[in-house]
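My notes follow in the order in which I looked things up.

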Amino acid sequence: MRYGIFSDVHSNLEALEAVLACFKKERIQSFVCLGDIVGYGPNPNEVVQRIIGLKKIQITAGNHDYAVSGLKELTWFNDFAARSIIWTKRHLKEENKNFLMRLPRLIDGSQFTLTHGSPRDPIDEYLLTPRQYLDNLEYFRTPICFIGHTHVPSIFYSDSLGMIQHKPLGDGEIFKCDSQAKTIVNVGSVGQPRDGDPRAACVIYDSEKFEIKCLRSSYDIHAVQDKMKQASLPLFLIERLSYGR
Ligand code: ZN
């Protein structure tokens, strides 16, 4: 089975459509979304509805999803994020808030584990270092765990010599996972990449070949920025889309 896996859409409908078009081209029919569906961007309702409409999809919650549905306090967020969460709360329909509120923190599947931050701390941990990778190994039992949250596509694994590796994943890059070891794959962000590449990020996972492919898709960034300006969302959040930082 091949899965289209994505995270951190952050209310960016144009970026989501670009990623879904990429999945369609690759004939993907099963999807995974790792949270932060909303926050930052201008189209929270449309993005929630588009994701619900995918049907064959597994979804976990992100910190922004819980914040807009009242499950997480705003004191956890920096000023820009908090302002966008307040805006999103005001514009998000009640039915969509209820949907986000009910999302699970972690999905412990038969083939892979899914969560937003890390298996140890699903909503909040930014998994950035080899030490954190090691500490998280005891919190999941499948050969692969997919995460998001940092907005940087990358992979943590232990090589044939037992050395911990942390590697960024670039556009078109393919990585063969070891079915006998444990790999953590960060799929990056659809709607607000932070690795210097402004294009939307996603991953295709082939569960028969144990293979990950990272893909980037261009989208109309200016259209999103115009909508954010009209909504008076913070300038910093508008500008960073151009740079992917
Ligand atoms: Zn995020």
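**Sheet.** I began with the open sheet, in which six strands take the order β4-β5-β6-β10-β7-β8 with mixed pairing. Strands here are DSSP runs of E with at least two residues, helices are runs of H or I with at least four, and both are numbered from the N terminus. Two strands pair if DSSP finds at least two bridges between them. As background, I noted that strands of a sheet pair through backbone hydrogen bonds, either parallel or antiparallel.

I then looked up the edges. β4 (106-108) and β8 (164-168) each have a single partner strand, so one side of each has no neighbour in the sheet. From one strand to the next the twist averages 15°. The axes behind that angle are lines fitted to C-alpha atoms (for helices, over the stretch in contact), and angles run from 0 to 180 degrees between N-to-C directions.

**Basis of the model.** The model is predicted, so local features need pLDDT of at least 70 and side-chain atom pairs count only at pLDDT 80 or more, while totals for chains, interfaces and linings use all residues. Residues are numbered from 1 along each chain as its sequence is written, and side-chain values use heavy atoms, with hydrogens and water left out.

**Strand β7.** I followed β7 to both of its neighbours. β7 and β8 run antiparallel and are joined by five bridges; Ser158 has Ile164 of β8 as its bridge partner. In the hairpin of β7 and β8, five residues sit between the strands, and Gly162 takes a positive phi near 85°.

Is β7 mostly covered or mostly uncovered? I found it mostly covered, with four of its five residues buried. Buried means under 20% relative accessible area, exposed means over 50%, and partly exposed lies in between (1.4 Å probe, protein chains only).

Asp36 and His151 are both buried.

**Salt bridges.** How many salt bridges does a search of the whole structure find? The count is 15. A salt bridge is a side-chain nitrogen of Lys or Arg within 4 Å of a carboxyl oxygen of Asp or Glu.

I looked at Glu26 and Lys213, whose closest N and O atoms are 3.5 Å apart. Glu26 lies in the loop between α1 (13-25) and β2 and Lys213 in strand β12 (residues 211-217), so the pair ties together parts 187 residues apart in sequence. Glu26 is partly exposed at 22% relative accessibility, and Lys213 is partly exposed at 24%.

Next I looked at Asp197 and Arg216, which form a salt bridge with closest N and O atoms 3.9 Å apart. Both residues are buried. Salt bridges that share partners join Asp171, Asp195, Asp197, Arg199 and Arg216 into one network.

**Ser217.** My last entry is Ser217, in strand β12. Ser217 is buried, with a relative accessible area of 8%. The C-alpha atoms of Ser217 and Cys22 are separated by 7.2 Å, although the two are 195 residues apart along the chain.
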